[in-house]
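The sequence and structure follow.

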Amino acid sequence: MPVLAIADHDNKDLKPGTLSLVTAAGKIDKDVHLLVAGSDCRSVAETAATIEGVAKVLLADAAQYRNFLAEPMAALVGGLAKDYAAVLAVANTTGKNYLPRVAALADVSQISDIVEVVSADTFVRPIYAGNAMATVQSSDKLKVITVRTTTFAKAATGGKAPVETVAGAADPGISRHVADELSKSERPELTAARIVVSGGRGMQSGDNFKLIYAVADKIGAAVGASRAAVDAGFVPNDYQVGQTGKVVAPELYIAVGISGAIQHLAGMKDSKVIVAINKDEEAPIFQVADYGLVADLFKALPELEQELAKLPPA
Amino acid sequence: MKIMVPIKRVVDYNVKIRVKADGTGVDLNNVKMSMNPFDEIAVEEAIRLKEAGSATEIVAVSIGPQQAQETIRTALAMGADRGILIKTDTDAEPLTVAKLLKALCAEEKPGLVILGKQAIDNDCNQTGQMLAALLQWPQGTFASKLALSSGKLAVTREVDGGLQTVELNLPAIVTTDLRLNEPRYASLPNIMKAKKKPIDEKTPEALGIDTAPRLKTLKVVEPPKRQSGVKVKTVGELVDKLRNEVGII
Ligand SMILES: Cc1cc2nc3c(=O)[nH]c(=O)nc-3n(C[C@H](O)[C@H](O)[C@H](O)COP(=O)(O)OP(=O)(O)OC[C@H]3O[C@@H](n4cnc5c(N)ncnc54)[C@H](O)[C@@H]3O)c2cc1C
Ligand SMILES: Nc1ncnc2c1ncn2[C@@H]1O[C@H](COP(=O)(O)O)[C@@H](O)[C@H]1O
């Protein structure tokens, strides 16, 4: 039976996580269908059709999917699910919102945040903030899965799958989108960036984050933060990296003024190279850092910016 | 309006857990247990709604072993009015928890159920959404702000791009995010008072819910350990390593 992956997009652009999602789906069954649900999103479906390994794109284009609200999304996906062996979505705030609803409608358990497909019914997922990895086997006929995309390679593009229109399901009409207040940034997206520079409570204020931004902009990095920095209002909530925030695995993660609580490590310890800058040499962050610098960040960050400025182009 | 708050007893967030050597699970012997932190936020929000006159009664519900009663007591000491313990020694999956809660909702008829967004032990982030689906109610997950007005609930949600506000018909399901509020500590007089508040006990069987798990845990292992790294003395040395050793910048 085919598997259904649900594309991550914003009605304009297909998000790169979708490429990893297709890879994960393909490990369950080679026959991968990709659902693009949204509003005025035909161009997204056409881009999606170029992903290698996608046999068919399903396009559900209707106003009720514009904001990906859980109630209409679950009604749509729930209706499609009976023809599939598995339904998969990216484990971001959109997928986490509607997919458990789909699972409950189908009377199956969901397998959250998988990092590995062992076989068509067996998956590996982190528990306890990633301090343990559980291998779980599902006895449900339909597998409903959210995928931690950082651990799956991106599918190639260059294919040409057909795009088929599917009828939308009736909107349950019990919820309404009111407004979005999205953080605007010219920097790369946190979960897709090659380099991430994060600040913690040690930054002391939102204003001091300009030291982080200056470094980030020299190396094309995204900016993240610890929960403490978000709670203190230094930066918006969507900067939070960790067990209950975003999970990132960039090539380089630079943690500045972050102690390294397990909840923070859960969101970044799969980064390829980790750098920690902290004035406390006992800070637990140093246990996971490839390169540790014991220093006052207010001295180290301006110096880092200068050193980076001096570098000849690579 | 009655508010139901499902609370889970979990390993305290400060505990560094240990994986059992035989790979069957996590060692929970003599480990400090607490209320799931997101559920404390849920209890707090319910109390604030009651204090604001929007709610009349708060029912705290836990599904778990007898000791989950202590977790319910904590909620009662914070300000919940009564508790319900659904006793089971099997580790209930979110789908099962959602079914049990649905059965309770049929009896209790709450206008709002506030859950945590995620239990910090299994990290599932499913139960609230599943309960909403089973009841065919709307959901406001990952909430950082609630506003009730004229029979509707506006929920501001923490999403990947920032914040999103949705308006929900009531009854509704809300799951909490970290910025919704800061939970209070129970005062000593309130802890004493909580001892007299009622806790009802029920069983899944009496509610007619099958608790057989759909997922089987085949093994639990420790994640791969990172090689310990080196300390650099200067920013210059750091930049040199990143350029010449790893070639990232
Ligand atoms: C339910 C729950 C969920 C959570 N989820 C998350 C999550 O997703 N992500 C997350 O990050 N946390 C999360 N946390 C919080 C986590 O437990 C820690 O409290 C938090 O990560 C600490 O942030 P921090 O390292 O910035 O602050 P602190 O622990 O206070 O560390 C600050 C560090 O800055 C250093 N410092 C201070 N001044 C300077 C200076 N001038 N120069 C250099 N270094 C300096 C200090 O030495 C210290 O190590 C969660 C907690 C709970 C209970
Ligand atoms: N055994 C349980 N008893 C009571 N509430 C629970 C239980 N399991 C989950 N919940 C609720 O569901 C939320 C999300 O849990 P989960 O879906 O397991 O991550 C928790 O924060 C609780 O509010």
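How many salt bridges does the rule count over all chains? In this predicted model, the count comes to 32 salt bridges over all chains.

## Salt bridges

Side chains of opposite charge can pair when their charged atoms come close. One pair is formed by E305(A) and K218(A), whose closest N and O atoms are 3.7 Å apart. E305(A) belongs to helix α8 of chain A and K218(A) to helix α5 of chain A, so this pair ties together parts that are 87 residues apart in sequence.

Another pair joins the two chains: D290(A) forms a salt bridge with R226(B), with 2.8 Å between the closest N and O atoms. Across the interface of chain B and chain A, the rule finds six salt bridges.

## Helices α5 and α8 of chain A

The two helices that hold K218(A) and E305(A) also pack against each other. Helix α5 of chain A spans residues 209–218 and helix α8 of chain A spans residues 297–310; their axes come within 9 Å and cross at roughly 20°. With angles under 35 degrees counted as roughly parallel, α5(A) and α8(A) are therefore roughly parallel to each other. Their crossing is left-handed.

On the side of α5(A), the contact involves L211(A), I212(A), A214(A), V215(A) and K218(A), which meet F298(A), L301(A), P302(A), L304(A), E305(A), L308(A) and A309(A) of α8(A). By class, this contact of α5(A) with α8(A) has ten nonpolar, no polar and two charged residues.

## The interface of chains A and B

In the contact between the chains, 75 residues of chain B meet 88 residues of chain A. About 6900 Å² is buried between chain B and chain A, and carbon and sulfur atoms give 54% of that area. In chain B, the residues that lose the most area to chain A are D160(B), R226(B) and I248(B), together 11% of what that side buries. R226(B) is also the salt-bridge partner of D290(A).

From α4(A), the contact is made by K96(A), N97(A), P100(A), R101(A), A103(A), A104(A) and L105(A), and from α4(B) by Q129(B), M130(B), A132(B), A133(B) and L134(B). By class, the contact of α4(A) with α4(B) has eight nonpolar, two polar and two charged residues.

## Helices α3 and α4 of chain B

Within chain B, helix α4 also packs against helix α3 (residues 94–108), the axes coming within 8 Å and crossing at roughly 50°. This makes α3(B) oblique to α4(B), and α3(B) passes α4(B) in a right-handed crossing. The residues of α3(B) in this contact are P94(B), L95(B), V97(B), A98(B), K99(B), L101(B), K102(B) and C105(B), while α4(B) contributes T127(B), M130(B), L131(B), L134(B) and L135(B). They divide into ten nonpolar, one polar and two charged. M130(B) and L134(B) of α4(B) are among the residues that take part in the contact with α4(A) and are also listed for the contact with α3(B).

## Surroundings of L215(B)

L215(B) lies in strand β12 of chain B, residues 215–221. Beyond its neighbours within four places in sequence, L215(B) is in contact with S109(A), Q110(A), I111(A), Q137(A), S138(A) and E93(B). Between the C-alpha atoms of L215(B) and E93(B) the separation is 8.2 Å, although these residues are 122 residues apart along the chain.

Note on methods. Residues numbered from 1 in each chain as written. Chains lettered and ligands numbered in written order. Predicted model: local features only at pLDDT ≥ 70, side-chain atom pairs only at ≥ 80, totals over all residues. Heavy atoms only, no water. Axes fitted to C-alpha atoms, helices over the stretch in contact; angles between N-to-C directions. Helix = DSSP H or I, 4+ residues; strand = E, 2+ residues; numbered from the N terminus. Parallel < 35°, antiparallel > 145°, perpendicular 65-115°, else oblique. Left-handed = near helix turned anticlockwise from the far one by under 90°. Contact = heavy atoms within 4.5 Å. Nonpolar A, V, L, I, M, F, W, Y, C, P; charged D, E, K, R; others polar. Buried area = accessible area lost by both parts, 1.4 Å probe. Salt bridge = Lys/Arg side-chain N within 4 Å of Asp/Glu carboxyl O.
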